Amino acid sequence: GDSVTQMEGPVTLSEEAFLTINCTYTATGYPSLFWYVQYPGEGLQLLLKATKADDKGSNKGFEATYRKETTSFHLEKGSVQVSDSAVYFCALSDLSNYQLIWGAGTKLIIKP
Amino acid sequence: SQTIHQWPATLVQPVGSPLSLECTVEGTSNPNLYWYRQAAGRGLQLLFYSVGIGQISSEVPQNLSASRPQDRQFILSSKKLLLSDSGFYLCAWSGLAGVRVDTQYFGPGTRLTVL
């Protein structure tokens, strides 16, 4: 069945460093792909999404490109801030029922 | 605009006690509704989803149940809590007009501790 694999965390970076959080998927068809962010003690927020191959989702300085050829949707940011410390979840939509299939989450820690 | 509410925000309950968590959505009609659980340091587990009043699908067999008595109200219940029911419970909705139904929007969550 469909699945999402994220790089294991925690990922620890210094402020202003470049961020990449890897996400790869297996799916039939062309699902939508999502990144959600969860700040400590809060619910999840939609960060960005892409609905078809080669689409780039972007928000708050974060970007991810839907790569069909490598089945990937890696999250990137050019210069991270302490306030970006959170858990990031990659997800894809199951086209049979539009449910979301979730990755395990990657905890990001940014040190000043 | 649409908002989603969950209450209570935190709850501490003894083993064997009942549970009722409530979720309501404002500013939309006929949303799809979801209950997730997140154990400490873990990912998301879909518990229930609903596409309409009285229509509940269960993803994981366990001692929890869900009900949807009104279009924008989703309730998670248990008759007898287990220690393993501790976790962070998240309600979500989808079906924003003009947005594909697979985009979900989450509430603030309820942290449940069973002692």
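Two strands are taken to pair if DSSP finds at least two bridges between them, and strands themselves are DSSP runs of E, at least two residues long, numbered from the N terminus. The model described here is predicted, so that local features need pLDDT of at least 70 and side-chain atom pairs count only at pLDDT 80 or more, whereas totals for chains, interfaces and linings use all residues. Residues are numbered from 1 along each chain as its sequence is written, chains are lettered from A in the order in which they are written, and side-chain values use heavy atoms, with hydrogens and water left out.

In chain B, strand β3 (residues 19-26) and strand β8 (residues 73-78) run antiparallel and are joined by six bridges, and within this pair B:L21 stands opposite B:L76. Both strands belong to an open, antiparallel sheet of four strands in the order β1-β3-β8-β7. The edges of this sheet are β1 (3-7) and β7 (64-70) of chain B, each of which pairs on one side only, and the twist from one strand to the next averages 20°.

Elsewhere in chain B, strand β2 (residues 10-13) pairs with strand β11 (residues 110-114) in the parallel sense over four bridges, and B:V12 has B:T113 as its bridge partner in β11(B). In a regular strand the side chains alternate between the two faces of the sheet.

A nonpolar core is a set of buried Ala, Val, Leu, Ile, Met, Phe, Trp, Tyr and Cys residues joined through side-chain atoms within 4.5 Å. The largest such core has 26 residues, and among the members that touch the most others are A:W35, A:F62 and A:Y88. Strand β10(A) gives the largest share of this core, four residues. Leaving aside neighbours within four places in sequence, A:Y88 is in contact (heavy atoms within 4.5 Å) with residues including A:I21, A:W35, A:L47 and A:L108. Another core, of 20 residues, lies apart from the largest one and includes B:I4, B:L11, B:L47 and B:L112.

Between the two chains, the contact takes 19 residues from chain B and 18 residues from chain A. The buried area, which is the accessible area (1.4 Å probe) that two parts lose on being put together, summed over both, is about 1500 Å², and carbon and sulfur atoms give 54% of that area. B:L44, B:R100 and B:D102 supply 33% of the area that chain B buries against chain A, more than any other three residues.

Note on methods. Axes are lines fitted to C-alpha atoms, for helices over the stretch in contact, and angles run from 0 to 180 degrees between N-to-C directions. Buried means under 20% relative accessible area, exposed over 50%, partly exposed in between (1.4 Å probe, protein chains only).
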